[in-house]
Structure formats: structure tokens, C-alpha cells
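Here are my notes on the model you sent over.

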Amino acid sequence: MIFHVMRHELRLIFREPRFWIPFLIPPVILVASQGIAVGRYGGQIMEGLEGYMALLLGCLMAPMGAPLAADSFAGERERNSLELLQLSPVKPAAVFWGKLLAVLPFSLVFSLLAILVYWFSHPMMGGATVVASFLGSASVCFLVTTFTLLISLNAKSVRSATQSSLFLVVPMLLAVQFFYQEFLGAMLIPVVTLAVSLAICGIATMVGVKKFVSM
């Protein structure tokens, strides 16, 4: 039943082609700004920052999935279909997991693609840095998507849920700004970060299922 819900959500998402736009704009802007900086000041300005740019580019994909996650429950409420969803024979846990699994791949796949494209354009960047960047961006994707789903359960509108999710994104992007050197310096840190993120998401999912059942 989880995959049945997931397929249903994916069909709804693909009916709206505009959902691709948020995933395409950030990497284009970031790469264009980098190209302008290199053209104006020379390639030396980016020396040593390839890992930082890859990690930042991957993490910028995480909040792009927030509107999709925000629509999961708040959108049902706006369409007056949330009560029908609760009365369906599908178990609440299956509904919650199905919606999560339908939304999560978008930010993960676009994060990976963004990092790989950047790697191909900057081959001097080591493979370990690429892996660490993706693990970091995956951690952000899991956290933002899961907690946006929780916010969507309580929000009255998709806009409210989407705007509230920004409070999760800003601290994570600031962490990338200040701690990227430590994060990329040892592979153990990205691995532990991902493990902790998955554990937090598991707990948050259990809370979300209980909340959905009690609504």
C-alpha cells in the first residue's frame, strides 16, 4: 500500500510541469555567478573552494523539495480531501510513508546530479570530496523533507507550510558556510551526520504518523 500511495503522489506531481523550475534555477544561478567571478578575477579565486561549492550546490537542492512536501497534507486540506484520506482503508503509516517516498527522491536525485555535473566541470576535485558532499546534501534532504511533512500536517495552507520550512533551511545553509572545511576534512563526519539525520527522520516520521492518526 505504501508504493500504491507513492505512485498516486507521483502522478499528481508530474501533472504539474512547473515543479521542475525550482530545481533548475539555483544551480544555474550559482554556476553563472561562479563563471562571472572567474571571468572577472581569474581562476585562482576558486582554488581550494571546489569542495565547498559542490557541498553548497547539493544542499541547495534540499529546500527545492519543500513545496512538494508542503503540499502532501496541507494541499489535501486545501482541497478538502484530507478527511477522505483519513477514512480510506489505507493505514495511516502507509499514507505517510508513501507521501515521503514520493517526494524525497526529487531532492536526492537533483542533489546528486548537481554535484556530479560540478565534478565533471572541475575534475581536480577528489572522489572523497564528491562522496562527502553528497552525503551532506542527502542529510539535508532527509531532514528538510521529513520536517516539512510534519509542518504540512499542521499547516492550514501550502504557502504557510512552505514558508515555515525556510526556518529549517537557513540554519543548515549557515552550517555549510561555517563548517564545510571540518565536514569535508574527514569522511567519518559525513557518514555520522547521515546516520544521525536518518535516526532523527525515523523519530520524526513516527511522530508524524501518530499525529496523522489522531487528527
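1. First, a term: helices (H or I, at least four residues) and strands (E, at least two) are DSSP runs, numbered from the N terminus. Keep in mind that this is a predicted model, where local features need pLDDT of at least 70, side-chain atom pairs count only at pLDDT 80 or more, and totals for chains, interfaces and linings use all residues. Residues are numbered from 1 along each chain as its sequence is written, and side-chain values use heavy atoms, with hydrogens and water left out.

2. On the fold: the chain has nine helices and zero strands. Of its 215 residues, 46% count as buried (under 20% relative accessible area, with exposed over 50% and partly exposed in between; 1.4 Å probe, protein chains only). Take contacts (heavy atoms within 4.5 Å) between residues at least 6 apart in sequence: 84% of them join residues at least 24 apart.

3. Now the inside. A nonpolar core here is a set of buried Ala, Val, Leu, Ile, Met, Phe, Trp, Tyr and Cys residues joined through side-chain atoms within 4.5 Å. The largest one has 34 residues, and Phe-142 and Val-144 touch the most other members. Helix α7 gives this core its largest share, eight residues. Leaving out residues up to four places away in sequence, Val-144 touches Ala-62, Pro-63, Ala-66, Leu-168, Val-169 and Met-172. There is also a second, separate core of 16 residues, with Leu-68, Ala-69, Val-90 and Ala-204 among them.

4. What about the cysteines? A search of the whole structure turns up zero disulfides (a disulfide being a pair of cysteine sulfur atoms within 2.5 Å). Cys-141 has its closest cysteine sulfur in Cys-59, 7.5 Å away, so the two are too far apart for a bond. Both are tucked away: Cys-59 is buried at 2% relative accessible area, and Cys-141 is buried at 0%.

5. Last, Ser-197, which sits in helix α9. Is Ser-197 buried or exposed? Its relative accessibility is 5%, so Ser-197 counts as buried. Beyond residues up to four places away in sequence, Ser-197 touches Ser-139 and Leu-143.
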